[in-house]
Amino acid sequence: MKTRRLVQLFTGLAMYGISLAMFIRAGLGLDPWDVFHQGLSGKTGLSIGVVVIAVSFLVLLLWIPLRQWPGFGTVCNAVLVGVFADVGLALIPEFSHLGGQISMLTGAVVLNGIASACYIGARFGPGARDGLMTGLARRTGWSVRISRTLIEVVVLGVGWLLGGSVGVGTVVYALAIGPLVQVLLPRFMVPEAGRRDATPIRDDASAPA
């Protein structure tokens, strides 16, 4: 069972990084956190992968006052998503015609949903951004939905001001990723020890931030 969990974790994180690269190559807008990452990348000259890794560890510092503790998967997430994002950008070409862009965007959303269900279902701990959301909700008494919305509105606004790409892809991601992960998660959720079933996450926390 542990071997399956590890394979599922690393596969999910690799796919998540590749899906980020696909969103960028589609050129139709990114999810809120990646708008922020892209904006920082443009301002600093660092690759998007390096920025994703750096922001992940900075966000983990915000876990300290929230009394949130990272798991093995949290650390792997912080490093590997950025690595595979840069790999994806090196391999995936840009598209200049709308048909290719729409196909790339669609594939990115679907792959991101599968990737999210894989790494969440492996039960090795939340990603840095997910943990910030749930930790804020726990410490403040706000709902996960409110906490997530507040965080994503802030990073989206800052990312847009920094020059990150906001567009139809941003809206498509916001509308599609929650339902997609909710459908896929039961299929990838690894049962806890001693249990034969896998209980899906029922809140919008199931979609990575």
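Glycine 107 lies in helix H5, where helices (H or I, at least four residues) and strands (E, at least two) are DSSP runs numbered from the N terminus. The model is predicted, so local features need pLDDT of at least 70 and side-chain atom pairs count only at pLDDT 80 or more, while totals for chains, interfaces and linings use all residues. Residues are numbered from 1 along each chain as its sequence is written, and side-chain values use heavy atoms, with hydrogens and water left out.

With a relative accessible area of 24%, glycine 107 is partly exposed; on this scale buried means under 20%, exposed over 50%, and partly exposed in between (1.4 Å probe, protein chains only).

Turning to charged pairs, side chains of opposite charge can pair when their charged atoms come close. The structure holds two salt bridges, each being a side-chain nitrogen of Lys or Arg within 4 Å of a carboxyl oxygen of Asp or Glu. Glutamate 94 is exposed, at 64% relative accessibility, whereas arginine 25 is buried, at 18%.

The other salt bridge links arginine 148 and glutamate 152, whose closest N and O atoms are 3.1 Å apart. Both residues belong to helix H7 (residues 144-161) and are four residues apart, about one turn of the helix. Arginine 148 and glutamate 152 are both buried.

Next comes helix packing. Two packed helices are described by the angle between their axes and the distance between the axes. For H1 and H4, the angle is about 40 degrees and the axes are 7 Å apart; axes are lines fitted to C-alpha atoms, for helices over the stretch in contact, and angles run from 0 to 180 degrees between N-to-C directions. H1 is therefore oblique to H4, as angles under 35 degrees count as roughly parallel, over 145 as roughly antiparallel, 65 to 115 as roughly perpendicular and the rest as oblique.

Contact (heavy atoms within 4.5 Å) brings residues of H1, including Leu6, Phe10 and Arg25, to meet residues of H4, among them Phe72, Leu80 and Leu89.
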